[in-house]
Amino acid sequence: MFETIETRNEGNVTLITLSRPDALNALNAQLMGELTQAVKQAEEDTAIGAIVITGSEKAFAAGADIKEMADLEFSQVFNEDKVSAAMDEITRCRKPIIAAVAGYALGGGCELAMMCDFIIAADTAKFGQPEITIGVIPGIGGTQRLTRFIGKSKAMEMCLTGRMMGAEEAERAGLVSRIVPAAELVSNALEVAQRIAEFSRPVVMMAKECVNRAYETTLTEGVLFERRVFNSVFALEDQKEGMTAFVEKRKAAFKNR
Ligand code: CAA
């Protein structure tokens, strides 16, 4: 049983809700451990095709837990490093993960959202890397992922000033894929996740792998990787079913093989 998150399955989607209301969902070691476990469970569950991670109306997550970190020494953060290890597990998940963000997504909260495959933002969302204001720097990918999402100038400004960015600016800058009214955030994210979960699972995972490859390699290598994956989908029954269904003007019934 989890104490700092809640999980429930809706259709073919697992919804994970961060739940430390007294600390604006600050990411402590327990929450990160539970989140990793929940993501792993969803990944192993063959009925599940996509995952949504959300927080509360006020905060997706207001960062790593400052109270837990305040007295740590170098040797502890270096030797133990539990939060980063947990975060790495999340980026290893092969099923799509959508971050549904309302309110604050700051520091580690913004970094967690960026580790998901895409971000749907409520109109109330506020993103930022305010670590500089408390005498540290982003520690779980913020300087790297934010720069890739929104470019050097804006990322540098965010990291050096600690200022927050509202939902509209975040959408303009390419950090979020869409903005929805706060009241519809979770239902909208679940709908998008369910749509993804109904496609061929191996093909969805291959598409995710290919898009992620764009961040890790040159254009020529990335395009070659994509072409080889594209070639390989023709070994799947789902490719035959998808194309036959199109020709026969009916909805495809994918079997995930
Ligand atoms: N860690 C621990 N506790 C936190 C927290 C955090 N990151 N953010 C908020 N809280 C706690 C507050 O201490 C407070 O608890 P108490 O009532 O026990 O004092 C409670 O959550 C509510 O917060 P506030 O009273 O501050 O709420 P507010 O509405 O006045 O302000 C806020 C909201 C602007 C988000 C403010 O809470 C804030 O600035 N939080 C810290 C943001 C931050 O600096 N995040 C970066 C953390 S470092 C990091 O993430 C490093 C990394 O990359 C790995």
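The side chains of Ser 200 and Asp 238 make a polar contact at 2.6 Å; a polar contact is a pair of N or O atoms within 3.5 Å, where within protein one atom must be able to donate a hydrogen and the other to accept it, and residues adjacent in sequence count only if both atoms are side-chain atoms. The model is predicted: local features need pLDDT of at least 70, side-chain atom pairs count only at pLDDT 80 or more, and totals for chains, interfaces and linings use all residues. Residues are numbered from 1 along each chain as its sequence is written, and side-chain values use heavy atoms, with hydrogens and water left out.

**Ser 200**

- Ser 200 lies in the loop between α9 (185-197) and α10 (201-213); helices (H or I, at least four residues) and strands (E, at least two) are DSSP runs numbered from the N terminus.
- Ser 200 counts as buried because its relative accessible area is 3%, where buried means under 20%, exposed over 50% and partly exposed in between (1.4 Å probe, protein chains only).

**Surroundings of the ligand**

- There are 23 residues around the ligand, and Lys 58, Ala 64, Gly 108, Glu 111 and Glu 131 come nearest; a residue is near a molecule or strand if one of its heavy atoms lies within 4 Å of it.
- An N or O atom in the side chain of Lys 58 is 2.7 Å from an oxygen atom of the ligand.
- A polar backbone atom of Ala 64 lies 2.9 Å from a ligand oxygen atom, and a backbone N or O atom of Asp 22 is 3.3 Å from an oxygen atom of the ligand.
- The ligand taken alone exposes 980 Å², of which the protein buries 65%; accessible areas come from the Shrake-Rupley method with a 1.4 Å probe, and for residues only the protein chains shown count as cover.
- Two or more residues of the shell come from each of α2 (66-69), β6 (104-106) and α5 (108-115), and α2 gives the most, with three residues.

**Nonpolar surface patch**

- Ile 66, Met 69, Leu 72, Phe 74, Val 77, Phe 78, Ile 134 and Val 136 form a nonpolar patch on the surface, with about 760 Å² of accessible area together.
- α2 and α3 (74-79) each supply at least two residues of this patch, and the largest share, three residues, comes from α3.
- Ile 134 is in the loop between β8 (126-128) and α6 (142-150), and Ile 134 counts as partly exposed because its relative accessibility is 45%.
- Patches consist of residues with over 30% relative accessible area and no salt bridge, with like charges joined within 9 Å and nonpolar side chains (Val, Leu, Ile, Met, Phe, Trp, Tyr) within 5 Å; a salt bridge is a side-chain nitrogen of Lys or Arg within 4 Å of a carboxyl oxygen of Asp or Glu.
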